[in-house]
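Work through the exercises below with the sequence and the model open. Try each task before reading its solution.

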Amino acid sequence: MLDDATLRPDPDEPLALRVATLPAGDGEGPRLELELSSRGDRVPARVALPPTGDAPPPVVLLVHGLGGSRDAAYMQMARRWVSEGAAVATLDLPLHGARANAKMGERLAASAPRALRGEPLDGVEQILWTELARQAVLDLRRLLDALAQLPQVDATRVAYVGFSLGGLLGCALCGADPRPRAAAIAVAGTPPDGAALALSAWVERIAPRPLLFVNAERDETIPREAALRLHAAARGPADVAWFASGHADLPGAALKRIWQFVRAHVGLDGAEAR
């Protein structure tokens with residue numbers, strides 16, 4: 001069970017932040033490769049900076065889905081956001097990317113459909129999903145701490161964007177931490193209360209901050225009732241947008257909708273959405 005105590009970072013744990021700056025590529029700004037400490041684990045993260053700008057840019061905290069990583073192909077959509085003035089921060093969730101574990105990854109993938117539907121999990125699966133959610137939210141909170149130490153970005157202007165599992169985890173992050181000023185939750189849903197991934201109780205705590213839900217009408221991964229359950233948990237008005245697509249092929253119009261929402265709430269309204 002996740003509560004305020006379990007999602008609160010240890011204030012006595014050193015962040016032990018390491019930063020390496022990689023040179024800018026064609027049409028891109030420099031890239032910061034980060035490593036930080038979270039519950040004794042070393043968490044790899046990255047911040048892509050815009051190519052120009054006199055003032056530190058706002059930050060989009062972008063989080064991948066189950067089985068993905070910060071280097072997943074769909075994460076490359078953020079290059080447009082960087083070109084239009086936002087810094088984009090990413091990390092590898094626990095048991096993903098550079099932190100992958102083949103055996104545990106297989107258990108996650110095999111049990112994910114049952115976890116999303118709220119069906120019974122065995123003891124190992126229950127612990128695995130609960131600890132994944134806890135570690136991920138704590139990692140993200142520590143990454144927000146790290147961003148606050150970087151003079152290259154404006155960590156007072158952060159928006160959260162999460163896809164699938166990253167979207168669901170973002171509900172818990174933004175409910176537990178007031179620093180993200182807006183959240184876009186894409187192709188995500190929540191099982192009924194009491195299930196390992198039932199994080200809907202955190203959604204109502206995001207208010208009064210702006211909240212956008214983006215979902216796919218033909219989603220073969222997230223049951224429609226799970227998406228609607230997440231929407232219903234929001235307290236106060238939330239924007240909801242449905243697109244005629246499957247889980248993994250959101251159209252460009254959906255990504256444009258997310259970017260329009262994000263830039264409006266981090267102070268980039270002067271950029272033209274394309």
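**Exercise 1. Find in which sense β4 and β5 pair, and over how many bridges.**

Solution. β4 and strand β5 (residues 87–91) pair in the parallel sense, over three bridges. Strands here are DSSP runs of E with at least two residues, and helices are runs of H or I with at least four, both numbered from the N terminus. Two strands pair if DSSP finds at least two bridges between them. Look at Leu-61: Ala-89 in β5 stands opposite. Now turn to strand β3 (residues 41–48), which runs antiparallel to β5 and is joined to β5 by four bridges. Ala-48 has Val-88 in β5 as its bridge partner.

The model is predicted: local features need pLDDT of at least 70, side-chain atom pairs count only at pLDDT 80 or more, and totals for chains, interfaces and linings use all residues. Residues are numbered from 1 along each chain as its sequence is written, and side-chain values use heavy atoms, with hydrogens and water left out.

**Exercise 2. Give the strand order of the open sheet and name the strands at its edges.**

Solution. The sheet has nine strands with mixed pairing, in the order β1-β2-β3-β5-β4-β6-β7-β8-β9. β1 (18–22) and β9 (239–243) are at the edges; each has a single partner strand, so one side of each lacks a neighbour in the sheet.

**Exercise 3. Decide whether the residues of β4 are buried or exposed.**

Solution. Buried means under 20% relative accessible area, exposed over 50%, and partly exposed in between (1.4 Å probe, protein chains only). Five of the five residues of β4 are buried, so the strand is largely enclosed by the rest of the structure. On one side sit Val-59, Leu-61 and Val-63; on the other, Val-60 and Leu-62.

**Exercise 4. Locate Arg-70 and find the side chain with which its own makes a polar contact.**

Solution. Arg-70 lies in the loop between β4 (59–63) and α1 (78–83). Arg-70 is buried, at a relative accessible area of 11%. Its side chain makes a polar contact with the side chain of Glu-33 (3.2 Å). Such a contact is a pair of N or O atoms within 3.5 Å; within protein, one must be able to donate a hydrogen and the other to accept it, and residues adjacent in sequence count only if both atoms are side-chain atoms. Contact in general means heavy atoms within 4.5 Å. Beyond its neighbours within four places in sequence, Arg-70 is in contact with residues including Pro-44, His-64, Met-75 and Asp-92.
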